Amino acid sequence: MLRVLGLDAGTESVYRLMLEHPSWGVDALAEALGASRADVLTALDRLADLALLRAAADTEPDAGSDDDAGPHGTRGPTALRLVPPQTGLAALLARREEELRRTRLEVDATRAAVADLLADYTAQGRESATGAVERFTGPDAVRRCLEHLTLHAAADLRVFAPTGTGENAAWELDVPLYEDRIAQGVRVRVLHLDSTAGSPERRRAMRRLAQAGAEIRTVPSLPLHMSIADGESALLSTSAHTTRQGAVLIREPSALVGLHALFSHLWDEGTSPAEAANDAGEAADYSAQERALLRFLADGLTDEAVARKLGISLRSERRMISGLSERFGAHSRFQLGLQAAQRGLL
């Protein structure tokens, strides 16, 4: 009970017994406690160090007495007297309170130092900061800022996740981190491209997030990477396909209103895994991304524009066109569009 004041269990037992029997010597204390003489002498030294025992100036030890001297020349209980507990314990308590006060001051100073360090860490790669907008350059800076944004979300996270490999690795979802935020009560919603277009790793990550409690929907295309935390901060990629140009952190309320509206619109248009499993008909044989590609081609968009809208590379877009042409038996863009219309895919 008195450990916080510096008394271990053995020392406290000796102290309490001495309060009851102040005239007892070392041997009597050891016998009553079932402890060794050495343990009792160690406890007496500790009590003296804590100023709970004091030398009795008017007491002279008897020659040859076992109780005359403690270890290292310290006098035994015949030469030591208890300091009145009201005085001794009050002094110890005051000393401990002062130590705790200093510790609190040190903790506060350390907390401020940690905050400064984390601010410097997050700001590495920051190119500029103007009012409510900050720009970060390079994948490492993007990753740090995204991690900081996710860690400090208290209630809500909304995520656009077009891709997450290669040049976009900085935007890959940190699944354990999101699982932790979900466990802390944060609502997590993730929009990503149709699962048939994703890598096995991405599909596994999405299943794991869904199992943790995240809400997942897929859409045919996403304009960029984005993460919105609590409706107060949003991190956006400056390019849909690469982090080379970095990211922009926005805290401007009017801009956040528009980003919320964009997310809500695409979220409402998205397909949940359960809805996707219930799709029927020939259109179910084609992914939402493939159907979107056909619509974009029918609208006359170039390959570059289609790839940008789908959030994929030009090479991936052309592979999808080749695959669809082979499945349709089409030998031209015109035939591909005609077959898609006949199959009800437009």
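Predicted model: local features only at pLDDT ≥ 70, side-chain atom pairs only at ≥ 80, totals over all residues.
Helix H11 (residues 303-310) and helix H12 approach each other with their axes within 9 Å, crossing at roughly 105 degrees, and this angle makes H11 roughly perpendicular to H12.

**Packing around helix H12**

- On the H11 side the meeting residues are Asp303, Glu304, Val306 and Ala307, which face Leu314, Glu317, Arg318 and Ile321 in H12.
- Sorted by class, the contact of H11 with H12 comprises four nonpolar and four charged residues, with no polar residue among them.
- Helix H12 (residues 314-328) also packs with helix H10 (residues 288-298), where the axes come within 11 Å and cross at roughly 95 degrees; because angles of 65 to 115 degrees count as roughly perpendicular, H10 and H12 fall into that class.
- H10 contributes Gln289, Glu290, Leu293, Leu294 and Leu297 to this contact, while H12 contributes Glu317, Met320, Ile321, Leu324, Arg327 and Phe328.
- The contact of H10 with H12 is made up of seven nonpolar, one polar and three charged residues.
- Glu317 and Ile321 of H12 are named in the contact with H11 and again in the contact with H10.

**Packing of helices H1 and H3**

- Helix H1 (residues 9-20) packs with helix H3 (residues 37-49) at an angle of about 80 degrees, the two axes being 9 Å apart, which makes H1 roughly perpendicular to H3.
- The residues that form this contact are Gly10, Thr11, Val14, Tyr15 and Met18 on H1, together with Ala43, Leu44, Arg46 and Leu47 on H3.
- Divided by class, the contact of H1 with H3 holds six nonpolar residues, two polar residues and one charged residue.

**Aromatic pairs**

- Two aromatic pairs are counted in the model, and one of them joins Phe160 and Phe263, whose ring centres lie 5.6 Å apart with the planes at 15 degrees, so that the pair is stacked.
- Phe160 belongs to strand S5 and Phe263 to helix H8 (residues 253-269), so placed that this pair links distant parts of the chain, 103 residues apart.

**The largest cavity**

- The structure contains one cavity of 30 Å³ or more, and the space in the largest cavity amounts to about 40 Å³.
- Its lining consists of Leu146, Val159, Phe160, Trp171, Leu173, Tyr178, His225, Met226 and Ser227, a set that includes Phe160 of the stacked pair.
- Strand S5 (156-161) and strand S8 (226-229) are the elements that give two or more residues to this lining.
- By class, the lining of the largest cavity has seven nonpolar and two polar residues, and no charged residue takes part.

Key: Residues numbered from 1 in each chain as written. Heavy atoms only, no water. 1 Å grid on protein atoms, 1.4 Å probe; cavity = no way out; pocket = protein on both sides within 12 Å on 5 of 7 lines; lining within 4 Å. Points joined across faces, edges and corners; volume = space filled by probe spheres on them. Helix = DSSP H or I, 4+ residues; strand = E, 2+ residues; numbered from the N terminus. Nonpolar A, V, L, I, M, F, W, Y, C, P; charged D, E, K, R; others polar. Axes fitted to C-alpha atoms, helices over the stretch in contact; angles between N-to-C directions. Parallel < 35°, antiparallel > 145°, perpendicular 65-115°, else oblique. Contact = heavy atoms within 4.5 Å. Phe/Tyr/Trp six-rings, centres within 6.5 Å; stacked < 30°, edge-to-face > 60°.
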